[in-house]
Amino acid sequence: MVHIGTVTREWPPDVYGGAGVHVEHLVAALRSLPEGPEIDVHCFGGPRPDAVGHEVPPNLKDANGALQAVGIDVEMAAALGGVDLVHSHTWYANMAGHLASLVHGIPHVVSAHSLEPRRPWKADQLGGGYRLSSWVERTAYLAADAIIAVSHGMRDDVLTVYPELDPARVHVVHNGVDAEAYKPTPAPDVVRSLGVDPDRPYALFVGRITRQKGLTHLLAAADRLPPDAGLVLCAGAADTPAERQQVADAVTALQSRRSGVVWIEAMLPREQLVPLITHATVFVCPSVYEPLGIVNLEAAACGTAVVASDVGGIPEVVDDGRTGLLVHYDPDDVAAFEAALAARIAELLADPQRAAAMGAAGRERVLSEFGWPAIAQQTVGVYSDVLNARA
């Protein structure tokens, strides 16, 4: 049996973004495959019942966050001597995969969930650590035996940012969604407990407070929405205190001008999040950068129509006119983007039957194209190709 070492920053219960959701479900699907690989998970943080946790080395407790990540990566690499292949997720763990490959003579597969050069605003969060994170990513990508991009759009991005890469080493395996965990779940009492009126049509945003997710554009567009519609923002985990304050000020001002604006400053547990998505008339993803956008798959799986920007891999998830509506994003004309975003959201809020039909079509598409068992099998195919090439 092939023995895989999966290295990741995020692992339950510390999952805060799409990459963490991806790793959790991919590992579960890999472990469920008949005659599938043996998986050891190494993650950041304390002990876990189903993974090996690695904490910041004591001498790095006060260091820059990027240096802390590299310190954890060194410890991870030392622990990976018994595996046949290492698979890393995000720059935080890429160096663990790279070092393990060098030291133990094993192949390294990288999953490309995002690219540091496409997120220059991270310099505000990481300071000088952004230069280190960018170096880590570049070093790991150029040396990796294979890169798995989560969308065709992401593959194009990888080859644009790192043109030295052999395109044959960059594979596409889409993100998936657990269609049993995310399914239409009417529960109006749960929605009410969150301060949201389930009988009032509402648009819903779910995501971290970071420039990447485009929340400020949605807030700027909100005044153009129908006055009888609600806007629910399930947004937390701000990149910086300044970004959190910017959102807080905008929400407060918006609430002074219109009713039905609810800010849930938390990443909700699934038993609350799924009903909140289910009852939404439309799910909104105004991202300015998105390799795939797993939240859009989650919304579709819950039978909710999606209005989203047309960046990155989102057009591979949102079938424009069938499962939702796409809005063109031009960084040089954000005013036009905000106006079009408001118009598309209003279009579906005004026609709940059309929105419901799009939601049903989205659910059908998730079931046929984005199931985790097929994604796990495609991932095993990449592992096999890499191991055979090394043999």
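Tyr141 is buried, as is Tyr162, where buried stands for under 20% relative accessible area, with over 50% called exposed and the range in between partly exposed, using a 1.4 Å probe and protein chains only. The model is a predicted one, in which local features need pLDDT of at least 70 and side-chain atom pairs count only at pLDDT 80 or more, while totals for chains, interfaces and linings use all residues. Residues are numbered from 1 along each chain as its sequence is written, and side-chain values rest on heavy atoms, with hydrogens and water left out.

**Aromatic pairs**

- Rings of Phe, Tyr and Trp (the six-membered ring of Trp) count as a pair if their centres lie within 6.5 Å, and the planes are called stacked under 30 degrees, edge-to-face over 60 and tilted for the rest; by this rule there are 4 aromatic pairs.
- Phe44 and Tyr92 make an edge-to-face pair, at 6.4 Å centre to centre and with 90 degrees between the planes.
- That pair links distant parts of the chain, since Phe44 lies in strand β2 (residues 38-44) and Tyr92 in helix α3 (residues 91-104), 48 residues apart; helices (H or I, at least four residues) and strands (E, at least two) are DSSP runs numbered from the N terminus.
- Phe44 and Tyr92 are both buried, and ring pairs join Phe44, Trp91 and Tyr92 into a cluster.

**Packing of α1 on α15**

- Helix α1 (residues 18-32) packs against helix α15 (residues 372-390) at an angle of about 80 degrees, their axes being 9 Å apart; the axes are lines fitted to C-alpha atoms over the stretch in contact, and angles run from 0 to 180 degrees between N-to-C directions.
- The contact (heavy atoms within 4.5 Å) involves His22, His25, Leu26, Ala29 and Leu30 of α1 together with Trp372, Ile375, Ala376, Thr379, Val380 and Tyr383 of α15.

**Helix α14**

- Helix α14 (residues 352-369) has 18 residues and spans 25 Å from its first C-alpha to its last, close to the 26 Å expected at 1.5 Å a residue, the expected span being 1.5 Å times one less than the number of residues.
- Among the buried residues of α14 are Met358, Arg363 and Arg365.
- The buried residues of α14 pack against α11 (294-301), β12 (305-309), α12 (314-317), β13 (324-327) and α13 (334-349).

**Val251**

- Val251 is found in helix α9 (residues 241-257) and is buried, with a relative accessible area of 2%.
- Leaving aside residues up to four places away in sequence, Val251 touches Leu219, Leu233, Val261 and Trp263.
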